[in-house]
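Student: I would like a close look at one part of this structure, the contact between its chains. Please take your time, and then carry on into the chain behind it.

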Amino acid sequence: MVQFNLPKNSKILKGNYFKDKNESQNIKKINVYRWDPDKKENPKIDTFEVDIKKCGNKVLDILNKIKNEIDPSLTYRRSCAHGVCGSCAMNVNGINTLSCMKSHKDIKGDINIYPLPHLKVIKDLVADLSTLYRQYESIEPWLKTKEKKSKNFEINQSKKDRKKLDGLYECIMCACCSTSCPSYWWNGEKYLGPAVLLQAYRWIIDSRDDERKERLKTVADKLKLYGCHTIMNCTNSCPKGLNPAKAISSIKKMLATN
Amino acid sequence: MTENQNPISPHLQIYAWHISSLLSITHRIAGIINFLALILMFFWITTFSFGESNYELFLIAVNSFFGKFILVGFTWSMSFHIFSGIRHLFWDLGYGFEIKTANISGILVVLSSLITTIIFWLFGRGII
């Protein structure tokens with residue numbers, strides 16, 4: 001049964017308020033979701049006052065500033081800081097995005113930062129994506145060829161066929177799209193979700209792959225694929241500007257026309 | 001295996017609405033309302049067989065302010081569901097997935113459903 005409300009242990013309480021000590025003029029309030037697995041408490045929202053003039057442009061810069069200067073216990077994933085690795089995916093002011101690509105100058109008023117939605121929280125802004133990775137594994141994201149062909153020859157691809165992968169191969173699996181999808185919230189165990197389906201399509205449409213039929217057969221399941229109801233939160237949130245909704249529709253179309 | 005007792009991160013509570021997500025849920029709600037509208041239509045037909053006085057009772061109910069509100073609402077939910085359904089058919093054909101196109105088509109659906117409702121009632125009342 002779908003649960004729209006948060007369970008009792010997930011209800012968010014008011015947390016601490018960290019006042020800026022230098023009495024600076026350019027204060028922005030940053031509300032951050034906190035949960036510590038070592039304390040047996042509910043999650044809470046801590047508010048940090050940050051001098052925005054003494055901080056880099058991106059939301060990730062703010063988080064780094066908080067971690068370095070105010071509260072070193074703040075936990076979040078980050079690595080490349082250039083929108084390539086996909087580690088710092090989180091929910092900023094209601095929309096999933098990479099915090100290293102989101103400029104805080106675009107946001108008027110307070111900034112609200114939450115972990116990716118509807119996941120088990122591990123600590124603070126770090127959430128558990130293992131279901132998604134298991135689903136990714138289930139679509140077998142590697143090139144599969146009939147043995148003979150691959151033994152002695154390089155498999156060539158025409159420019160036209162290569163072009164079909166544009167808008168798909170750029171995906172960095174940051175999970176912004178999947179965790180923005182209400183359908184994935186309610187059926188996350190069965191529905192593969194936009195990120196994994198976009199990847200599935202990337203291998204289905206690859207001209208060098210020999211198992212298109214089998215691949216289509218694996219995803220052609222009531223909930224695995226057809227859990228998509230074209231809500232389009234995925235496309236709206238993708239920080240790389242890709243279109244998972246269109247990729248899913250392309251799979252559906254292939255199944256209907258083949 | 002012990003169940004994971006970690007909290008679930010907030011979802012519906014914090015996620016921002018887009019035109020597309022708002023219309024998606026409205027489409028579903030309109031579908032449910034249409035189902036209720038059908039029940040009312042069957043009720044209307046049943047009153048035929050129960051004789052004139054029953055039918056008149058139905059007419060009084062429907063002609064009250066609340067009754068009219070319900071009927072106008074049904075007209076809107078029907079037309080919204082139809083236009084939104086056409087939008088879904090275009091998606092099924094593979095068109096209109098760009099964010100801009102989807103936003104424009106969404107606004108078109110809302111506008112045309114409202115216009116259809118107004119025209120339907122103006123026509124039905126003999127004003128045009």
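Tutor: Happy to. Let's begin with a term: buried area is the accessible area, taken with a 1.4 Å probe, that two parts lose on being put together, summed over both. Please keep in mind throughout that this is a predicted model.

With that term in hand, the area buried between chain B and chain A comes to about 3,100 Å². Carbon and sulfur atoms give 60% of that area. In terms of residues, 27 from chain B are in contact with 41 from chain A. If you want a place to start on the chain B side, pick out B:P7, B:Y15 and B:F97. Together they supply 24% of the area that chain B buries against chain A, more than any other three residues.

Now for the polar side of this contact. Between chain B and chain A there are 17 residue pairs in polar contact, counting pairs in which both residues have pLDDT 80 or more. The elements of chain B that give two or more residues to the side touching chain A are α1 (19-49), α3 (65-92) and α4 (99-124). Of these, α1(B) gives the largest share, four residues.

What about charge pairs across the contact? The count between chain B and chain A is one salt bridge. A:K246 makes a salt bridge with B:E98, and their closest N and O atoms are 3.7 Å apart. As a general point, side chains of opposite charge can pair when their charged atoms come close.

Chain A has nine helices and eight strands, and its C-alpha atoms fill a box of roughly 70 × 40 × 30 Å along the principal axes. Of the 258 residues in chain A, 49% are buried. Among contacts in chain A with a separation of 6 or more, 65% are between residues 24 or more positions apart.

Which residues have the most contacts inside the largest nonpolar core? They are A:I30, A:I62, A:M90, A:I113, A:L125, A:L197 and A:I251, in a core of 72 residues. Elements of chain A that each supply at least two residues of this core include β2 (27-34), α1 (59-70), α6 (193-204) and α9 (244-257). The largest share, seven residues, comes from α6(A). Domain 1 (8-127) and domain 2 (130-257) of chain A both give residues to the core, so the core lies between them. In soluble globular proteins, nonpolar side chains tend to be buried together.

Leaving out residues up to four places away in sequence, A:I30 touches A:D46, A:T47, A:F48, A:V50, A:I62, A:I66, A:I111 and A:I113.

One name in that list, A:D46, leads us back to charges. A:R34, A:D46, A:D71 and A:D124 are linked in a network of salt bridges. In one of these bridges, A:R34 pairs with A:D71, with the closest N and O atoms 2.9 Å apart. A:R34 sits in strand β2 of chain A and A:D71 in the loop between α1 and β4 of chain A, so to speak distant parts of the chain, 37 residues apart. A:R34 also forms a salt bridge with A:D124, at 3.1 Å between the closest N and O atoms. A:D124 lies in the loop between β7 (121-123) and β8 (126-127) of chain A and A:R34 in strand β2, so this pair ties together parts 90 residues apart in sequence.

By the same cut-off, A:D71 is buried at 11%, and A:D124 is buried at 2%. Compare A:K164, which pairs with A:D161 in a salt bridge whose closest N and O atoms are 3.2 Å apart. A:K164 is partly exposed, with 39% relative accessibility. Over all chains, the salt bridge count comes to 14.

One last stop is A:G109, in the loop between β5 (95-98) and β6 of chain A. A:G109 is partly exposed, with a relative accessible area of 42%.

Technical notes. Residues are numbered from 1 along each chain as its sequence is written. Chains are lettered from A and ligands numbered from 1 in the order in which they are written. Side-chain values use heavy atoms; hydrogens and water are left out. A nonpolar core is a set of buried Ala, Val, Leu, Ile, Met, Phe, Trp, Tyr and Cys residues joined through side-chain atoms within 4.5 Å. Buried means under 20% relative accessible area, exposed over 50%, partly exposed in between (1.4 Å probe, protein chains only). Domain bounds come from an automatic or database domain assignment. Contact means heavy atoms within 4.5 Å. A salt bridge is a side-chain nitrogen of Lys or Arg within 4 Å of a carboxyl oxygen of Asp or Glu. A polar contact is a pair of N or O atoms within 3.5 Å; within protein, one must be able to donate a hydrogen and the other to accept it, and residues adjacent in sequence count only if both atoms are side-chain atoms.
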